[in-house]
Amino acid sequence: MPKASSFSWRLAAPPAIARLAIAALMIVSPLMASAQATYPSKPIRIVAPFPPGNSSDVAARFLSEQLSDKLGQPVVVENKVGAAGQLGASYVAKADPDGYTLLMTSTSAAISPAIYKSLPFDIVEDFTPVVQVAVSPMVLLTRADFPQGKLEDFVAEIRKNPKAYTYATAGTGTIQHLTMAAFLSRLGVDVLGVPYKGSPQALTDLIGGQVQFMFDAVLSAKPHFESGRLKPIAVASAAPTPQLPGVPAAAQSAVPALKDFVIEGWVGLLGPKGMPADIARRLNQEIVTIITSPAMQDRLAKANIAVAPANSPQQFGTFLRTDVKRWQDIASAARIPKE
């Protein structure tokens, strides 16, 4: 009987290997499907990359209790703070993509690629979008005794005397900074900016008169409006927000340069890259149900957080890509150098 050649062996081997591979998949696939069908089978951790009281932390904590009830497992919020939110995001990016470690992040994650030369993760490519949870319009504010209370008068004044004013930011590269950069760029005005180490410090000096105006999120600014120490001039939204009744939207003002000036902060939930689509959809559906309930909307509204419109993981992913590009364009137009 002739001896089989190596050529005939190589032809015969692949089908055998293929049969083994198929058999392995037949074993593994049911296990994977079973894992997704029984999700969750243990506690879920939501990482908040900013300190307690931040909008992402507040949203995560408000959601955790009801989400736990719906999923039948504890949902724990853990603050991993540092490096402008990068520490917590990096932790989740490296976690197993099994749906048990999630990231509740915010606009800063989309801004970072426009500000830093290198990051330990790619916010678009290294995560699985789950759901956009909340939005927070930025509001232009001054001291209560600032003479110009209407946006049109405010714009006319700073255009006339730009050297007479300074504005505050919560730090270089923050949403407060880039919103102001976009605002002044639209108006063709150059005003000196003063960066602080955070919104509280900036607000303190605004109240004290060391600076004259700034943009900030409604969440942190509204208590100062209610106390009468600060005055809201306009919100950077397409229409007035229920959070600030009576405060006009910049986009609806008589200033042509601000016709479509809309900049809102956001909060959203992400998982590590490779998280099963079934798990992302399950989390999305449960969270959308929670945040669109009147009770949760009322609770978030009392914390000055507006619920995002219902959205799918795919819609949130598209939004995230668009937002990253928008902040890169704003930083480039304002000639903000990367750190």
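This is a predicted model: local features need pLDDT of at least 70, side-chain atom pairs count only at pLDDT 80 or more; totals for chains, interfaces and linings use all residues.
Rolling a probe the size of a water molecule over the atoms shows where empty space is left. The residues that line the second largest pocket are Tyr167, His177, Ala181, Leu184, Ser185, Val189, Asp190, Val191, Ala333, Ala334 and Ile336. Eight of these lining residues are nonpolar, two are polar and one is charged. Helix H6 gives the most to this lining, with four residues.

The largest pocket comes next, and it holds about 990 Å³ of space. Its lining is made of 43 residues, and the closest to the centre of the pocket are Phe50, Asn54, Ala170, Thr174 and Gln176. Several elements give two or more residues to this lining, among them helix H6 (175–187), helix H7 (199–208), strand S4 (127–143) and strand S9 (264–272). Helix H4 gives the most, with five residues.

A single residue may now be examined. Asn284 belongs to helix H9, which spans residues 277–291. Is Asn284 buried or exposed? Its relative accessibility is 7%, and buried means under 20%, so Asn284 counts as buried. Leaving aside residues up to four places away in sequence, Asn284 touches Val130, Val131, Asn311, Ser312 and Pro313.

Key: Residues are numbered from 1 along each chain as its sequence is written. Side-chain values use heavy atoms; hydrogens and water are left out. On a 1 Å grid over the protein atoms alone, a cavity is a set of points where a 1.4 Å probe fits but cannot get out, and a pocket is an open set with protein on both sides within 12 Å along at least five of seven lines; lining residues have an atom within 4 Å of a point. Grid points are joined across faces, edges and corners, and a volume is the space filled by probe spheres set on the points. Ala, Val, Leu, Ile, Met, Phe, Trp, Tyr, Cys and Pro count as nonpolar, Asp, Glu, Lys and Arg as charged, and the others, Gly among them, as polar. Buried means under 20% relative accessible area, exposed over 50%, partly exposed in between (1.4 Å probe, protein chains only). Contact means heavy atoms within 4.5 Å.
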